[in-house]
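Please give a short report on this structure for someone who is seeing it for the first time.

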Amino acid sequence: MVRWQPPPPGAQNGEITGYKIRYRKGTRKSEAAETTGGTQLFQLIDGLERGTEYTFRVSAITVNGSGPATEWSTAETFESDLDGKILFPYLSSLN
């Protein structure tokens, strides 16, 4: 699960309509993305490989487009996680 905080009110470029979560396996350059709706501040990422390192970043979406993304944050999935999902550390506030 990836969790984050919204950007500070003064840094928002309009009403937030969702968030884009980008992630990639290891040091690969190609990335996958998922989006959330509304004010949801977490996303469960399915289909990750067990015992594998991934990097994640999140950006807010408004009617004006996507805002700046967080820095890439790294986490490793659990070897023994039966459902293949990840518990990810809290990402810092979006800027």
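## Salt bridges

Glu31 and Arg22 join their side chains in a salt bridge, at 3.7 Å from N to O. The term stands for a side-chain nitrogen of Lys or Arg within 4 Å of a carboxyl oxygen of Asp or Glu. Glu31 is partly exposed, at 40% relative accessible area. Arg22 counts as partly exposed too, at 21%. Here buried means under 20% relative accessible area, exposed means over 50%, and partly exposed lies in between (1.4 Å probe, protein chains only).

By this rule the count is 2 salt bridges. Glu49 and Lys25 form a salt bridge, and their closest N and O atoms are 2.8 Å apart. Glu49 lies in the loop between S4 and S5 and Lys25 in strand S2, so the pair ties together parts that are 24 residues apart in sequence. Glu49 is partly exposed at 42%. Lys25 is partly exposed at 22%. As a general point, side chains of opposite charge can pair when their charged atoms come close.

## About the model

This is a predicted model, in which local features need pLDDT of at least 70 and side-chain atom pairs count only at pLDDT 80 or more, while totals for chains, interfaces and linings use all residues. Residues are numbered from 1 along each chain as its sequence is written, and side-chain values use heavy atoms, with hydrogens and water left out.

## Strands and their partners

Strands (E, at least two residues) and helices (H or I, at least four) are DSSP runs, numbered from the N terminus. Two strands pair if DSSP finds at least two bridges between them. S2 and S5 run antiparallel, joined by 9 bridges. Within that pairing, Ile21 has Val58 in S5 as its bridge partner.

S2 also runs antiparallel to strand S3 (residues 32-37), with 6 bridges between them. Tyr23 has Ala32 in S3 as its bridge partner. Ile21 stands opposite Glu34 in S3. The hairpin of S2 and S3 has 6 residues between the strands, and Gly26 there takes a positive phi near 55°.

## Two residues of S3

Thr36 is found in strand S3. With 9% relative accessibility, Thr36 counts as buried. Contact means heavy atoms within 4.5 Å. Beyond its neighbours within four places in sequence, Thr36 is in contact with several residues, including Trp4, Tyr19, Ile21 and Phe42.

Gly37 is also a residue of strand S3. Gly37 is partly exposed, at 47% relative accessibility. Leaving aside neighbours within four places in sequence, Gly37 is in contact with Thr17 and Gly18. The C-alpha atoms of Gly37 and Thr17 are 6.1 Å apart, although 20 residues separate the two along the chain.

## The nonpolar core

Which residues make up the largest nonpolar core? There are 12 in all: Val2, Trp4, Ile16, Tyr19, Ile21, Tyr23, Ile45, Leu48, Tyr54, Phe56, Val58 and Ala60. The elements that give two or more residues to this core are strand S2 (16-25) and strand S5 (53-62). A nonpolar core is a set of buried Ala, Val, Leu, Ile, Met, Phe, Trp, Tyr and Cys residues joined through side-chain atoms within 4.5 Å. In soluble globular proteins, nonpolar side chains tend to be buried together.

## Aromatic rings

The structure holds 3 aromatic pairs. One of them is formed by Tyr54 and Phe56: the pair is tilted, 6.5 Å centre to centre, with 45° between the planes. Rings of Phe, Tyr and Trp (its six-membered ring) pair if their centres lie within 6.5 Å; planes under 30 degrees apart count as stacked, over 60 as edge-to-face and the rest as tilted. Tyr54 is buried at 5% relative accessibility. Phe56 is buried at 0%. Tyr23, Tyr54 and Phe56 form one aromatic cluster.

The charged end of Arg24 sits over the ring of Trp72, 3.9 Å from its centre. The rule asks for NZ of Lys or CZ of Arg within 6 Å of the ring centre and within 35 degrees of the ring normal.

## A loop residue

Arg50 is found in the loop between strand S4 (42-43) and S5. Arg50 counts as partly exposed, at 45% relative accessibility. The C-alpha atoms of Arg50 and Ser80 are separated by 7.3 Å, with the two residues 30 apart along the chain.
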